[in-house]
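These are my notebook entries on one structure.

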Amino acid sequence: SSRTFRESTSRFQAGKTVYTKRCSGCHAEDGNGNEKLAKLMKLTFAPLPSKEVQALSDSEMAKVITEGKDKMKPVKDLSAADVTNLVAFVRSLAKK
């Protein structure tokens, strides 16, 4: 089971790297949204740690990342592994 732990830890780290580069500009480091940008764009970012976001299945979350939703544009040029890793990272933001 230490192998599984190492795999999930490396997925988390890889996901955090992609998140920091591609997502944190809008969603902020903690996943609760960049307030200044939200005001500027007159919108609200769904808090990624929220029950609503965390209730999405992995495939639903992956679809939002790759296809966009509402005012969120699709995140382009991500590999399947990037998307899987991003989902793992977003799961780690869940409110404890």
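Entry 1. In which helix does Ser-92 lie? I located Ser-92 in helix 6. Helices here are DSSP runs (H or I, at least four residues; strands are E, at least two), numbered from the N terminus.

Entry 2. I noted the conventions before going further. The model is predicted, so local features need pLDDT of at least 70 and side-chain atom pairs count only at pLDDT 80 or more, while totals for chains, interfaces and linings use all residues. Residues are numbered from 1 along each chain as its sequence is written, and side-chain values use heavy atoms, with hydrogens and water left out.

Entry 3. I searched the whole structure for aromatic pairs and found two. Rings of Phe, Tyr and Trp (its six-membered ring) pair if their centres lie within 6.5 Å; planes under 30 degrees apart are stacked, over 60 edge-to-face, and the rest tilted. Phe-12 and Phe-89 have ring centres 5.4 Å apart and planes at 40°, so I recorded this pair as tilted. Phe-12 belongs to helix 1 (residues 2-22) and Phe-89 to helix 6 (residues 80-92), and the pair links parts of the chain 77 residues apart.

Entry 4. I checked accessibility for this pair. Buried means under 20% relative accessible area, exposed over 50%, and partly exposed in between (1.4 Å probe, protein chains only). Phe-12, at 26% relative accessibility, is therefore partly exposed, whereas Phe-89, at 4%, is buried.

Entry 5. I then took up the pair of Tyr-19 and Phe-89, whose ring centres are 5.0 Å apart with planes at 45°, so this pair is also tilted. Tyr-19 is in helix 1 and Phe-89 in helix 6, so the pair ties together parts 70 residues apart in sequence. I found both Tyr-19 and Phe-89 buried. Phe-12, Tyr-19 and Phe-89 form one aromatic cluster.

Entry 6. I turned to Val-90, which is also placed in helix 6. Its relative accessible area is 7%, so Val-90 is buried. Leaving out residues up to four places away in sequence, Val-90 touches Leu-48, Gln-54 and Met-61 (contact means heavy atoms within 4.5 Å). From Val-90 to Arg-22, 68 residues away along the chain, the C-alpha separation is 13 Å.

Entry 7. I returned to Ser-92, which has a relative accessible area of 30% and is therefore partly exposed. A polar atom of the Ser-92 side chain lies 2.5 Å from the backbone oxygen of Phe-89.

Methods: A polar contact is a pair of N or O atoms within 3.5 Å; within protein, one must be able to donate a hydrogen and the other to accept it, and residues adjacent in sequence count only if both atoms are side-chain atoms.
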